[in-house]
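Please look at the chain shown below and follow its course from one end to the other before reading on. The report then turns to how its parts pack together.

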Amino acid sequence: MKITNYETEATLLGAILVEGTLFNNLELEEEHFYDARHRRIFLAMKEVFERKQPIDIVTVTTALQDDIHQIGGTLYLTEMAGSVATLANFKQHEH
């Protein structure tokens, strides 16, 4: 199942930036993301998760290293996190 809605992808990733523990039971994988920037952000989140660090804007930015510029910078991550109105529909958007 590939997500082909840019806004849904951004909302899911933004929600994880707000509440990093949502990644713990995530059913999505890299190939589910249509947008290349979102795939890269997801991989950075996965890297942070595997290091057993909290997933947030700082740790994801650090994991992205020089790729941070390719995805739109920390401003893009901040905007994604800031656009999340509620975490209540996270699982619904994931499917």
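Predicted model: local features only at pLDDT ≥ 70, side-chain atom pairs only at ≥ 80, totals over all residues.

Of the 95 residues in the chain, 41% count as buried. The accessible surface comes to about 5400 Å², and 51% of that area belongs to carbon and sulfur atoms. When contacts between residues at least 6 apart in sequence are considered, 63% of them join residues at least 24 apart.

| Helix pair | Angle | Axes apart |
|---|---|---|
| H2 (residues 36-50) and H3 (residues 57-64) | about 105° | 9 Å |
| H3 and H4 (residues 73-82) | about 145° | 11 Å |

How are H2 and H3 placed relative to each other? Angles of 65 to 115 degrees count as roughly perpendicular, and H2 and H3, which pack at about 105°, are therefore roughly perpendicular to each other. On the H2 side, Arg 40, Ile 41, Ala 44, Met 45, Glu 47 and Val 48 take part, and they meet Thr 59, Val 60, Ala 63 and Leu 64 in H3. By class, this contact has seven nonpolar, one polar and two charged residues.

The crossing of H3 and H4 is right-handed. Here Ile 57, Val 60, Thr 61 and Leu 64 of H3 make the contact with Thr 74, Leu 77, Thr 78 and Ala 81 of H4. The contact of H3 with H4 has five nonpolar and three polar residues, but no charged residues.

Terms used: Residues numbered from 1 in each chain as written. Heavy atoms only, no water. Axes fitted to C-alpha atoms, helices over the stretch in contact; angles between N-to-C directions. Helix = DSSP H or I, 4+ residues; strand = E, 2+ residues; numbered from the N terminus. Parallel < 35°, antiparallel > 145°, perpendicular 65-115°, else oblique. Contact = heavy atoms within 4.5 Å. Nonpolar A, V, L, I, M, F, W, Y, C, P; charged D, E, K, R; others polar. Left-handed = near helix turned anticlockwise from the far one by under 90°. Buried < 20%, exposed > 50% of the residue type's maximum accessible area, 1.4 Å probe, protein only. Areas by Shrake-Rupley, 256 points an atom, 1.4 Å probe, with all protein chains shown as cover.
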